[in-house]
Amino acid sequence: MNPTTLSFVCVQNAGRSQMATAFAERERSKRGLEDDVRIRTGGTDPANSVHDVVLTAMNEVGADLSDRQPREITPEGIETSDIVITMGCSADGICPATWRGDARDWELTDPHGRSLAAVRELRDEIRTRVEALFDELEAQAGT
């Protein structure tokens, strides 16, 4: 079976998509799916660094993102993805019209400029959504 490629995308790749990627990496490892799931992340207009409030919120749950650097998502990266999850910026304009993969928009609030308490809530929602996504992937694979 070919690995499933997940792409977590937002505008700056400095908050929501970075949190989702970290939780997805954690779930992939916890569930022993390293050979079955590929994870990528990127933004359409990457920031210079991951938001400080995101670093703090993720450190609280044992995820050190201090070495993460926002990067650009390329059209090729999207085209080779099985599932593209946007964080509230819609897959319209990100996914090419000819792409036939699974596009989902989680419609999450941008953490930039938000309080730590608000980012904690967002972080917990992202963790829940990522866990549900991995439940779905496992069910589809019949594991």
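Which residues in α1 meet which residues in α4? In this predicted model, local features need pLDDT of at least 70 and side-chain atom pairs count only at pLDDT 80 or more, while totals for chains, interfaces and linings use all residues. Residues are numbered from 1 along each chain as its sequence is written, and side-chain values use heavy atoms, with hydrogens and water left out.

On the α1 side, the contact (heavy atoms within 4.5 Å) consists of Arg16, Met19, Ala20, Phe23, Ala24, Glu27 and Arg28. Their counterparts in α4 are Leu122, Arg123, Ile126, Arg127, Val130, Glu131 and Phe134. By class, this contact has 8 nonpolar, no polar and 6 charged residues. Here Ala, Val, Leu, Ile, Met, Phe, Trp, Tyr, Cys and Pro count as nonpolar, Asp, Glu, Lys and Arg as charged, and the others, Gly among them, as polar. Helices (H or I, at least four residues) and strands (E, at least two) are DSSP runs, numbered from the N terminus.

Two packed helices are described by the angle between their axes and the distance between the axes. For α1 and α4, the axes come within 9 Å and cross at roughly 45 degrees. Axes are lines fitted to C-alpha atoms, for helices over the stretch in contact, and angles run from 0 to 180 degrees between N-to-C directions. α1 and α4 are therefore oblique to each other. Angles under 35 degrees count as roughly parallel, over 145 as roughly antiparallel, 65 to 115 as roughly perpendicular and the rest as oblique. The crossing of α1 past α4 is right-handed. That label applies if the near helix is turned clockwise from the far one by less than a right angle, and left-handed if anticlockwise.

Helix α2 also packs on α4. The angle is about 60 degrees, and the axes lie 9 Å apart. This pair, too, is therefore oblique. α2 passes α4 in a right-handed crossing. Val53, Val54, Thr56, Ala57 and Met58 in α2 meet Leu116, Val119 and Arg123 in α4. These residues divide into 6 nonpolar, 1 polar and 1 charged. Within α2, the buried residues are Val53, Val54, Leu55, Ala57 and Met58. Buried means under 20% relative accessible area, exposed over 50%, and partly exposed in between (1.4 Å probe, protein chains only). The cover over the buried residues of α2 includes α1 and α4.

The structure holds 12 salt bridges, each a side-chain nitrogen of Lys or Arg within 4 Å of a carboxyl oxygen of Asp or Glu. One of them joins the side chains of Glu25 and Arg68, at 2.6 Å from N to O. Glu25 lies in helix α1 (residues 16-30) and Arg68 in the loop between α2 (52-59) and α3 (75-79), so the pair ties together parts that are 43 residues apart in sequence. Glu25 is partly exposed, at 26% relative accessible area. Arg68 is also partly exposed, at 22%.

A second salt bridge links Glu138 and Arg31, at 2.7 Å from N to O. Glu138 belongs to helix α4 (residues 116-141) and Arg31 to the loop between α1 and β2 (37-43), so this pair ties together parts 107 residues apart in sequence. Glu138 is partly exposed, with a relative accessible area of 21%.

Glu60 forms a salt bridge with Arg123, with the closest N and O atoms 3.1 Å apart. Glu60 lies in the loop between α2 and α3 and Arg123 in helix α4, so the pair ties together parts 63 residues apart in sequence. Glu60 is partly exposed, at 40% relative accessible area. Arg123 counts as buried, at 6% relative accessibility. Elsewhere, salt bridges that share partners join Glu27, Lys30, Arg31, Asp135 and Glu138 into one network. Of these, Asp135 lies in helix α4 and is partly exposed, with a relative accessible area of 45%.

Backbone geometry was also examined. Most residues other than glycine have a negative phi, and most peptide bonds are trans. Asn13 has a positive phi, near 55 degrees. Asn13 is found in the loop between β1 (4-10) and α1, and is buried, with a relative accessible area of 0%. Glu107 has a positive phi of about 50 degrees, although it is not a glycine. Glu107 is found in the loop between β4 (102-105) and α4. At 66% relative accessibility, Glu107 counts as exposed.
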